[in-house]
Amino acid sequence: METRDLQTFLAVAASGSITKAADMLGRSQPAVTRTVQDLEAELGFELLHRVGRRVQLSEEGVAFEEEARRLLMSFTELAARAKMIAAGRGRILQIVTTSAIGTGLIPTAMAELKGVELPHETHLGQFLPSIVAQEVRSGRAEIGFSSLPLDTPGLDVLRLYSAPDVAAVREDDPLAELDVIPLSAFAGRRVATLLNPLRFQLHVAKALAARGIDTGPVIRTNTAYGALQIVRHTGVAAVIDPLTAYGVALPGVVIRPIDVPVLFYWGVVAAEKRPLRPVAQALMEAVEAVAERSIAGFKKLDPALAGQLVTDPASATSHGTGI
């Protein structure tokens with residue numbers, strides 16, 4: 001398997017057409033078809049199904065596409081690193097993060113770094129928490145900023161934080177007049193929230209159920225920024241994470257605390273027993289400073305509790321671990 005094979009497969013997956021992929025790559029259609037067939041033979045499963053004149057990914061092809069993108073990105077980054085070393089420009093700073101942290105905190109923190117200059121090249125990738133963990137553990141990234149789970153074998157949890165989820169409403173919504181929005185205000189209302197059944201969505205649903213609150217129709221999206229856009233354009237209310245809420249200001253949308261605390265947890269990870277360079281350490285400190293200054297209810301927690309929070313989110317508050 002070579003990088004050209006991955007490039008060919010990804011071009012077909014992106015275009016949904018052997019012909020279009022061939023045009024994109026400057027290759028013949030038979031050559032692209034043969035490359036995909038050879039790749040399927042090597043992998044031992046079908047990547048594509050033909051539907052009329054187009055092709056679509058098989059179930060295995062969908063799973064392999066994500067891995068192929070990561071592998072190709074790693075090869076590309078390796079080539080970039082080699083060029084940097086040859087030019088005497090030092091190491092690339094590889095940062096991986098979830099969408100909420102990468103959107104709500106990292107840009108401001110990078111702008112406020114004190115006394116440490118970023119290297120000639122910095123890479124910032126946004127992924128699901130499981131991918132953040134994989135990238136850091138493998139050494140492809142030096143530092144990771146992620147929501148739960150953080151307690152993963154091969155990683156050291158360097159920092160752990162919490163803050164309450166918040167409500168986002170349009171400025172013309174009557175709820176915008178309140179300083180604190182009661183959770184009961186969502187009864188019967190159409191609500192936007194995050195599509196994460198194992199963590200965010202579960203905790204919000206538990207808080208609603210504990211108080212016998214039934215919302216109206218629910219719109220779920222996989223990013224809090226998307227939820228904010230839905231609030232802005234449709235006028236629904238949203239329950240979202242505090243990082244995106246306080247870090248991304250959208251015109252016409254206001255953020256309010258909720259009277260029932262539903263905590264959101266996140267932290268910083270690095271490969272086990274691998275010390276951070278000063279620039280990565282400085283970035284971690286800057287992210288913490290931005291969060292402490294801008295997020296209502298922000299708390300620093302004992303990193304040793306990261307594993308407990310996956311199964312018992314209440315343990316941080318019930319044991320008084322805020323510092």
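The model is predicted: local features need pLDDT of at least 70, side-chain atom pairs count only at pLDDT 80 or more, and totals for chains, interfaces and linings use all residues. Residues are numbered from 1 along each chain as its sequence is written, and side-chain values use heavy atoms, with hydrogens and water left out.

**Stop 1: helices H1 and H3**

Select residues 3-15, helix H1, and residues 29-43, helix H3. Helices (H or I, at least four residues) and strands (E, at least two) are DSSP runs, numbered from the N terminus. The axes of H1 and H3 are 9 Å apart, at an angle of about 110°. That makes H1 roughly perpendicular to H3; the term covers angles of 65 to 115 degrees. Axes here are lines fitted to C-alpha atoms over the stretch in contact, and angles run from 0 to 180 degrees between N-to-C directions. To see where the two helices meet, show Asp5, Thr8, Phe9 and Val12 in H1 with Val32, Thr35, Val36 and Leu39 in H3. Contact means heavy atoms within 4.5 Å.

**Stop 2: helix H11**

Next select residues 278-294, helix H11. Among the buried residues of H11 are Leu283, Met284 and Glu288 (buried means under 20% relative accessible area, with a 1.4 Å probe and protein chains only). Their cover includes strand S6 (155-164), strand S12 (263-271) and helix H6 (106-111).

**Stop 3: strand S6**

Stay with S6, where seven of ten residues are buried. Two strands pair if DSSP finds at least two bridges between them. Show Ala163 with its bridge partner Phe264 in S12, then Ser162 with Lys299 in S13.

**Stop 4: Asp173**

Move to the loop between strand S7 (166-170) and strand S8 (191-194), and select Asp173. Asp173 is buried, with a relative accessible area of 6%. Its side chain makes a polar contact of 2.8 Å with that of Arg189; such a contact is a pair of N or O atoms within 3.5 Å, and within protein one must be able to donate a hydrogen and the other to accept it, while residues adjacent in sequence count only if both atoms are side-chain atoms.

**Stop 5: Ala306**

Finish at Ala306 in helix H12 (residues 306-311). Ala306 is buried, at 1% relative accessible area. Beyond four places in sequence, Ala306 touches Leu148, Leu150, Asp151, Val157 and Leu160.

Notes. Expected span 1.5 Å × (residues − 1). Buried < 20%, exposed > 50% of the residue type's maximum accessible area, 1.4 Å probe, protein only. Parallel < 35°, antiparallel > 145°, perpendicular 65-115°, else oblique.
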